[in-house]
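Dear colleague,

Please find below the structure that I am handing over to you. My notes on what was found in it follow.

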Amino acid sequence: MNFKQQGQGPAVVLIHGLFGSLDNLGLLARPLSEQYRVISLDLRNHGASFHSGEMSYPQQAADVIALLDHLALDRVAIVGHSMGGKVAMQLAKQAPERVSKLVVADIAPVAYPHARHKNVFAGLNATLANPPQSRSEAEAMLAQYIEIPGVRQFLLKSFAKGEAGWGWRFNVPALEHNYANIMGWPDNQTRFEGPTLFIKGGDSDYVLPAYTDTVMAQFPAAKARVIAGTGHWLHAEKPLLFNKLVVDFLSTGG
């Protein structure tokens with residue numbers, strides 16, 4: 001598993017979301033590194049990490065636990081955004097003794113509808129069928145399927161030129177094949193009793209009031225904060241406020 005470290009102090013692990021990479025939470029990593037040892041990682045089928053045809057949340061949590069073992073880290077705080085938040089929640093439930101505090105950014109421990117990324121996969125598959133030879137050509141192809149420029153720019157962060165030419169760092173076929181797992185949730189029965197903070201984008205529909213009972217049943221110590229005027233990418237839209245919420249929670253318990 002590919003990762004990078006910065007700073008010294010108690011360890012904090014940052015986990016990116018779907019189609020992302022270890023740089024996605026960079027705006028948080030830098031201020032955190034002033035007082036923490038920050039480990040940013042690429043999940044399987046993303047960034048420079050290994051590719052696999054399998055991608056369940058228990059498997060992804062096990063990947064992170066293996067990295068903690070490799071780094072000889074017994075107990076860490078974990079911050080995860082979107083799919084990375086689900087990996088973080090699964091890890092906390094799977095190995096609670098390894099997690100001191102948990103921060104989940106704009107995702108809930110529930111299954112989501114399977115059509116959210118239909119246009120994204122359509123655009124990505126178009127580039128696989130007729131590989132673009134430049135970043136601008138890739139954006140033009142994606143624009144036929146993905147209307148929002150910010151989404152295209154986010155995806156293009158993982159479009160790079162390698163030895164075999166231009167291509168995606170993330171494993172498009174594996175992500176599409178495992179999409180039901182990614183949007184699903186494997187276990188709403190077990191609990192993580194430790195300190196947990198959910199941070200929601202005020203304009204996002206990923207965390208709804210209807211999920212409150214489900215969240216509290218699995219994370220009974222959970223607290224929630226809402227960042228008004230932000231969507232799903234709350235950590236990039238209002239980084240100073242997001243960072244303050246995370247740092248305050250990690251340093252004081254919330």
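Please bear in mind throughout that this is a predicted model.

I begin with the sheet. Seven strands make up an open sheet with mixed pairing, and their order is S1-S3-S2-S4-S5-S8-S9. The edges are taken by strand S1 (3–6) and strand S9 (222–227); each has a single partner strand, so one side of each has no neighbour in the sheet. On average, neighbouring strands of this sheet are turned by 20° against each other, direction ignored.

Helix H3 lies across strand S2 (11–15), S4, strand S5 (99–105) and strand S8 (196–201), and runs at about 145° to S4. Helix H11 (residues 239–252) also packs on the sheet, where it touches S2, S4, S5, S8 and S9. The direction of H11 makes about 160° with that of S5.

Next come the helix pairs. Helix H2 (residues 57–70) packs against H3 at an angle of about 75°, and their axes are 8 Å apart. Angles of 65 to 115 degrees count as roughly perpendicular, and H2 and H3 are therefore placed in that class. On the H2 side, the contact is made by Tyr-57, Pro-58, Gln-60, Ala-61, Ala-62, Val-64 and Ile-65. On the H3 side, the residues are Met-83, Lys-86, Val-87, Gln-90, Leu-91 and Gln-94.

The axes of helix H5 (135–143) and helix H6 (149–156) come within 10 Å and cross at roughly 135°. H5 and H6 are therefore oblique to each other, and their crossing is right-handed. H5 contributes Arg-135, Ala-138, Glu-139, Leu-142 and Ala-143 to the contact, while H6 contributes Arg-152, Gln-153, Leu-155 and Leu-156.

Helix H4 (residues 118–129) has 12 residues and spans 16 Å from its first C-alpha to its last, close to the expected 16 Å. Its buried residues are Val-120, Phe-121, Gly-123, Leu-124, Ala-126 and Thr-127. Their cover includes H5, H6, strand S7 (165–168), helix H7 (172–177) and helix H8 (179–183).

Finally, two loop residues may be of interest. Ser-82 sits in the loop between strand S4 (76–81) and helix H3 (83–94). Is Ser-82 buried or exposed? Residues under 20% relative accessible area are classed as buried; Ser-82 therefore counts as buried, at 10% relative accessibility. Leaving aside neighbours within four places in sequence, Ser-82 is in contact with Gly-17, Ala-105, Asp-106, Ile-107 and His-232.

Gln-8 is located in the loop between S1 and S2. Because its relative accessibility is 70%, Gln-8 counts as exposed. With neighbours within four places in sequence again left aside, Gln-8 is in contact with Ser-33, Gln-35, Tyr-36 and Arg-37. One of these, Gln-35, is 27 residues from Gln-8 in sequence, and the C-alpha to C-alpha separation of the two is 6.4 Å.

With kind regards

Conventions:
Residues numbered from 1 in each chain as written. Predicted model: local features only at pLDDT ≥ 70, side-chain atom pairs only at ≥ 80, totals over all residues. Heavy atoms only, no water. Helix = DSSP H or I, 4+ residues; strand = E, 2+ residues; numbered from the N terminus. Expected span 1.5 Å × (residues − 1). Buried < 20%, exposed > 50% of the residue type's maximum accessible area, 1.4 Å probe, protein only. Contact = heavy atoms within 4.5 Å. Pairing = 2+ DSSP bridges. Axes fitted to C-alpha atoms, helices over the stretch in contact; angles between N-to-C directions. Parallel < 35°, antiparallel > 145°, perpendicular 65-115°, else oblique. Left-handed = near helix turned anticlockwise from the far one by under 90°.
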